[in-house]
Amino acid sequence: MYKDKLKPMLFSTMKNYSMKQLSKDIISGIIVAIIALPLSIALALASGVGPQNGIYTAIIAGFIISFLGGSRVQIAGPTAAFATIVAGIVANSGMEGLMLATIVAGIILILMGLFRLGTLIKYIPFTITTGFTAGIAVTIVIGQIKDFMGMTFPKGTATIETSDKIEALAKNISTITPNAIIIGLISLAILIVWPKISEKIPGSLIAVIAGILIVKFSPLHANTIGDLYKINNSLPVIHFPHFSIKAINSVLSDGFTIAILASIESLLSCVVADSMINSHHRSNMELIAQGLGNIGSALFGGIPATGAIARTAANIKNGGRTPIAGIVHSIVLVLVLVILIPYASLIPMPTIAAILFVVAYNMCQWRTFLHLCKAAPKSDIIVLVTTFVLTVVFDLVVAIEIGMVLAVLLFLKRMSDESQIRGWKYFDPDDDPDGLDLIPLPKQVRVFEISGPMFFGDAEQLADIDYKDFTKIIIIRMRGVPAIDATAMRSLRLCYERCQEKGIRLIFSHVNPQPMQTMEKSGFIKKVGKENFMPHINDAIELAKSLCKEDDNNKDNN
């Protein structure tokens, strides 16, 4: 049986490592680094930080997560899911606030791994992850329209919220630059067409080179990275933020959001990778590595990181099968940072916007979104659309919080609707010849059958258990009750007390293990009497008949 150890996968894969696999890992690591370069720069700019900060993230977090992670092939770095969150934190709290929020997120991720909460991620509904992923994709597209069209906003224009960006775009539509649109469209065309020509060289790299050549040697001009940002090719230096209770409190919600999103993204990426290489990841070790990777990234000037599905898939397709490939990818990016990052100043902003358009399209899962809207139950559609709208209109924190609450409430409603208490009907054999195969019961006995889990959402249904003046025994059949909670247990106790007042005896049939254990711990079995708990409905009916017969004999004797 597979066991989720708290042991880095690197140490396990080294036992049978070969030179042949080393060569494959090195080649794959180099290719993934080439893919990661333009994406890291683009995602850093979308996050409101400098291009080098994206490279720092891929280097530091990528190395730590590959070295200590629980996956054989996970490639980590900046991802599109964090872009809008990071941009908002930077705008409100600056780089210090981002650094502190990322460190807090890293600590939360480490604790999640140590307390073995990796498997709990599966309890986040698919509709929520689909909704906020599609919402993030829309916000990325809206945020990149300005650069794609070469627009300029007046100094001091607020563009933190999506509504602010839309308002600014509408007010400054007259600043559209045709040259920028042409460069953006050419870049977009390359990104769409190039993968059909070759998969060995990433289309984003070709688009970047083409964009540089167009701006440098043609009459078409547009803003470049160098026009808007200061380029720094120095190696990352460690820097500790100012820690205080007040500062930590101010970024706690942001840190929690980053941690939840990082855990979801990284473990989803691991699951996808496992299916591609027929392997098993160690989810809790992966969370610990993600936490350490994010702390390292923050201390060295990076931004939040997580497992990147596209880069991980590229690693697998190019032969990477151990964490060595991820380590090589980070080392290659160090060389790129020192040697090539100055040339990043020549990359046109419309090209960066085009790259992010494609990233947003690939992550939005619009086919899945539409399929869910057509085929899913109404409650799931409500959660999906609500999460999507809240992500676009407000932010991811609000979307996840309200989405989870809504999903839980609708789930409870659905479970409550499935639970029911049904009483057996009386019949007269003379009037109903079709009922001859039913079980005959004394007139004084009533049987109620409960189906579905008994919890606080439907506990009041126990009040539906009714009785006649001549009722002396009630049998409650619980074979269809897999679980019971404290609220339902209280309702059962009240039901028992009402029956006691009326001189009615309660008999329970086929109580499953969890409800039986709950009744035992609460003292309910002792109160009712162990002799009134029967393993089968037939046993309960026989007991009821014997009690009725005994009662009739006592009356005759008196």
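**Salt bridges and a helix crossing**

Asp147 forms a salt bridge with Lys146, and the closest N and O atoms of the two lie 3.7 Å apart; the term stands for a side-chain nitrogen of Lys or Arg within 4 Å of a carboxyl oxygen of Asp or Glu. This is a predicted model, in which local features need pLDDT of at least 70 and side-chain atom pairs count only at pLDDT 80 or more, while totals for chains, interfaces and linings use all residues. Residues are numbered from 1 along each chain as its sequence is written, and side-chain values use heavy atoms, with hydrogens and water left out.

By the rule for salt bridges, the count comes to seven. To describe how the partners sit, we call a residue buried under 20% relative accessible area, exposed over 50%, and partly exposed in between (1.4 Å probe, protein chains only). Asp147 counts as buried because its relative accessibility is 17%, whereas Lys146, with a relative accessible area of 24%, is partly exposed.

A second salt bridge joins the side chains of Glu167 and Lys171, at 2.9 Å from N to O. Both residues lie in helix α6 (residues 162-171), four residues apart, which is about one turn of the helix; helices (H or I, at least four residues) and strands (E, at least two) are DSSP runs, numbered from the N terminus. Glu167 is partly exposed at 41% relative accessibility, and Lys171 is exposed at 61%.

Another salt bridge brings together the side chains of Glu449 and Arg477, at 3.3 Å from N to O. This pair links distant parts of the chain, since Glu449 belongs to strand β4 (residues 445-451) and Arg477 to strand β5 (residues 473-480), 28 residues apart. Glu449 is buried, with a relative accessible area of 11%, and Arg477 is buried as well, with 12%. Arg422, Glu449, Arg477 and Arg479 are linked in a network of salt bridges.

We turn now to a pair of helices. The axes of helix α18 (residues 486-501) and helix α19 (residues 513-522) come within 11 Å and cross at roughly 65 degrees, where axes are lines fitted to C-alpha atoms, for helices over the stretch in contact, and angles run from 0 to 180 degrees between N-to-C directions. The two helices are therefore roughly perpendicular to each other, a term that covers 65 to 115 degrees, with angles under 35 counted as roughly parallel, over 145 as roughly antiparallel and the rest as oblique. In their contact (heavy atoms within 4.5 Å), Met489, Leu492 and Arg493 of α18 meet Thr518, Met519 and Ser522 of α19.
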